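Let's walk through this one together, starting with its aromatic rings and ending with its strands. Have the structure open as you read.

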Amino acid sequence: MTRDQIKSVILEIIGQIIPDEDLSNLKGDIPIREQVELDSMDFLDIIMELRKRYGIEVPENDYPKLATLDGSVAYLEPLMKNL
Amino acid sequence: MTAHQSTDRRVVITGIGLTAPNGNNLTEFRQSLLQGKSGIRKVNVRYMGEVLAGLCDFDPLKYQKKKELRRGTRAGSIAIYCAREALADAKLDIGSIDRGRIGVYLGITEHGTVETENEIYEIKQYNYDIRYWSHHHNPRVVANNPAGEVTLNLGITGPHYTLGAACAGGNIGLIHGVQMLLLQEVDIALGGGVSESTGSFGIFAGFKNEGALAFHENPERACRPFDKDRNGVVVSEGGCIFVLERLSDALRRGAKIYGEVVGYAINSDATDFIFPNKERQVECMMLALKRAGISPGDIDIISTHGTGTVEGDAVECQAIKEVFGESPHACLNNTKSFIGHTMGAAGALELAGNLPSFEDHLVHPTINLDNLDPQCYLSNWVINKPRKVDKVDYILNNSFGMLGINSVVIVKRFAA
């Protein structure tokens, strides 16, 4: 997957988890939770979806790296580039 | 709980919110009951295949965001819908009342079965790897979930919990609300019951393997309490929540009053897991009548519990016969014949559907009662068509459940 594809996947997953929110103006460098209503249980849904869809296991210590959209793409790129 | 008591010792119903397989508010529900409209159909249930059931078609997005729906449970959605509808019906503006003085008390038959089955089904797709078990599982299955979801949705900060009372749950949620009002614990009680049991294959399979799951080629004819050819229960979902207030408060704000809860009783058979006990049902009805300060001849409508099982229906009729005689003054009817067994919601829904009789003097019928079982003989069944009567002053509502829990509620036409 390319970076753009990974970004699309992340946005699609977030959109599924918080379907009432408008994600069209989500800034890549600002923590997602500061821009939309996404709590810790929702965040765990993102982790679960990555596990279910792609078999990606994100260790708890790495959760902060997924705080922003840009950070998520950077973190997931090596894990998803061959998908 | 009688007229001579002061108005702050009397409790009245001032709002009703409901969803049933044949109506999403009291007007629709009542119309269906008067017109003989069933809500039973064929549905597919995991592992079971095609079964008969009653499902509700209210719009959950009327009062919930999509995210709330994803997070919560079906029982929670039903409860939120009913609570919101009940408060609107009571003309209570949630924004202008003390939400710390509202209590939410919901009867349930069971809760968590659906969610647990769903999770096990989900991890089965992943070879039972528990890393795929949802972190939402515990808040979904805690027993207070349906009532708790109501408080989250409405910002209610008073007490909330459910009352696990098998199929007597709906009556018992209402009774508990009355008790909390009389104890001055709250000023407004949201009392009633909910059920999401149609989401569980286990509930259907349990009844089937017990030989108590109804079947008929025509789904609308399947639930036939007291009929000779009855062959079991039709599982349904539903909910009904009453707004309950002390009469003093209701009068002060000029509320519409559906009726006054003048008597109730709860007792236990202490004899069997599933088979009912006539003597305890008799005692329960007698205790409710005593607390209401009335005699059996004062009751105008007996809303029966009858689920369509061979044994249960016969025992209830024998109990009614012992209390009211073979030819009671009271008309008898049954709501499950229309909507199936809404489990934790049943007692509340069945009472609600009868309350308009105070004003329209019509008693809704029991449908599918083509050949009355001689064991269920009572002279005053209202069968297949509504009956016009001169007056309705008292309604008695039976609701019984597994493990031998019995409940009776008596509501009186309100007279100041």
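Over all chains, this predicted model holds eight aromatic pairs. Rings of Phe, Tyr and Trp (its six-membered ring) pair if their centres lie within 6.5 Å; planes under 30 degrees apart count as stacked, over 60 as edge-to-face and the rest as tilted. Phe58(B) and Tyr81(B) make a tilted one, with 4.7 Å centre to centre and 40 degrees between the planes. That pair links distant parts of the chain, 23 residues apart: Phe58(B) is in the loop between β3 (49-54) and α2 (66-71) of chain B, and Tyr81(B) is in helix α3 (residues 74-89) of chain B. Helices (H or I, at least four residues) and strands (E, at least two) are DSSP runs, numbered from the N terminus. Phe58(B) counts as buried at 5% relative accessibility, and Tyr81(B) is buried at 6%. Buried means under 20% relative accessible area, exposed over 50%, partly exposed in between (1.4 Å probe, protein chains only).

Ring pairs also tie Tyr47(B), Tyr121(B) and Phe201(B) into a cluster. The charged end of Arg46(B) sits over the Tyr121(B) ring, 4.0 Å from its centre (CZ of Arg or NZ of Lys within 6 Å of the ring centre and within 35 degrees of the ring normal).

Now for strand β1 (residues 11-19) of chain B: nine of its nine residues are buried, so it is largely enclosed by the rest of the structure. Eight bridges join β1(B) to antiparallel strand β8 (residues 238-246) of chain B; pairing takes at least two DSSP bridges. Ile16(B) stands opposite Phe242(B) in β8(B).

Residues are numbered from 1 along each chain as its sequence is written, while chains are lettered from A and ligands numbered from 1 in the order in which they are written. Local features need pLDDT of at least 70, side-chain atom pairs count only at pLDDT 80 or more, and totals for chains, interfaces and linings use all residues, while side-chain values use heavy atoms, leaving out hydrogens and water.
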